[in-house]
Amino acid sequence: IEHANDDATVKGFQMALEGLLLGLAECGVMQIEPQIGDLFDPQQHEAMMRQETEDLEPDHIVMIMQSGFKLGDIVIYPAKVVVSS
């Protein structure tokens with residue numbers, strides 16, 4: 001969606017994505033949406049790489065690469081993140 005040039009195509013994909021997320025939410029599936037600065041939680045996050053930073057303490061989220069999903073307390077797909085070292 002971010003790289004598409006055609007506005008109609010982007011709107012179509014956005015509508016489909018919103019419908020999918022709404023349908024999943026109605027079934028009890030929720031997105032895992034970590035924020036920059038959150039403490040890394042290996043139960044909900046998958047660290048794709050480590051990055052040195054002076055802004056955050058070690059083991060905090062520096063960048064979110066992809067949201068995850070969970071059903072109740074069960075993680076279906078962990079959020080992919082970059083973690084400070």
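These are my notebook entries on a predicted model of one protein chain.

**Ground rules**

I number residues from 1 along each chain as its sequence is written, and I leave out hydrogens and water, since side-chain values use heavy atoms. The model is predicted, and local features need pLDDT of at least 70, side-chain atom pairs count only at pLDDT 80 or more, and totals for chains, interfaces and linings use all residues.

**Entry 1: the whole chain**

I counted the elements and found 1 helix and 6 strands. Here helices (H or I, at least four residues) and strands (E, at least two) are DSSP runs, numbered from the N terminus. From the N terminus on, I read the order as α-β-β-β-β-β-β. The radius of gyration is 15 Å, well over the 12 Å that the globule rule gives for 85 residues, so the chain is more spread out than a compact globule. This radius is taken over C-alpha atoms, and the rule is 2.2 Å times the number of residues to the power 0.38. Along the principal axes, the C-alpha atoms fill a box of roughly 40 × 35 × 15 Å.

I also looked up burial. Buried residues make up 18% of the 85 residues. Buried means under 20% relative accessible area, exposed means over 50%, and partly exposed lies in between (1.4 Å probe, protein chains only).

**Entry 2**

Strands of a sheet pair through backbone hydrogen bonds, either parallel or antiparallel. I count two strands as paired if DSSP finds at least two bridges between them.

In what order do the 3 strands of this open sheet lie? The order is 1-4-5, and the pairing is antiparallel. Strand 1 (29-32) and strand 5 (74-77) are the edge strands, each pairing on one side only. Neighbouring strands are turned by 35° against each other on average, direction ignored. For such angles, axes are lines fitted to C-alpha atoms, for helices over the stretch in contact, and angles run from 0 to 180 degrees between N-to-C directions.

I then went through the bridges. Strand 1 and strand 4 run antiparallel and are joined by 4 bridges; Ile32 has Gly68 in strand 4 as its bridge partner. Strand 4 (residues 68-71) pairs with strand 5 in the antiparallel sense over 3 bridges. On the strand 5 side, Tyr77 is the partner of Phe69, Val75 stands opposite Lys70, and Ile74 is the partner of Leu71. Strand 4 and strand 5 form a hairpin with 2 residues between them. In its turn, Gly72 has a positive phi of about 65°.

Another open sheet has 3 strands in the order 2-6-3, with mixed pairing. Its edge strands are strand 2 (45-51) and strand 3 (61-66), each of which pairs on one side only. The twist averages 30° from one strand to the next. Strand 3 and strand 6 (residues 79-84) run antiparallel, and 4 bridges join them. I noted one partner pair here, Met63 with Val82 in strand 6.

**Entry 2: a nonpolar patch**

Which residues form the nonpolar patch on the surface? They are Met48, Met49, Met63 and Met65, with about 360 Å² of accessible area together. Strand 2 and strand 3 are the elements that give two or more residues to the patch. Patches are made of residues with over 30% relative accessible area and no salt bridge: like charges are joined within 9 Å, nonpolar side chains (Val, Leu, Ile, Met, Phe, Trp, Tyr) within 5 Å. A salt bridge is a side-chain nitrogen of Lys or Arg within 4 Å of a carboxyl oxygen of Asp or Glu. Accessible areas come from the Shrake-Rupley method with a 1.4 Å probe; for residues, only the protein chains shown count as cover.

I checked Met49, which is found in strand 2. Met49 counts as partly exposed because its relative accessibility is 41%.

**Entry 3: two single residues**

Gly23 is found in helix 1 (residues 7-26). With 26% relative accessibility, Gly23 counts as partly exposed. Gly23 and Gln43 are 20 residues apart along the chain, and their C-alpha atoms are separated by 24 Å.

Thr53 lies in the loop between strand 2 and strand 3. Its relative accessible area is 25%, so Thr53 is partly exposed. Thr53 and Ser85 are 32 residues apart along the chain, and their C-alpha atoms are separated by 7.1 Å.
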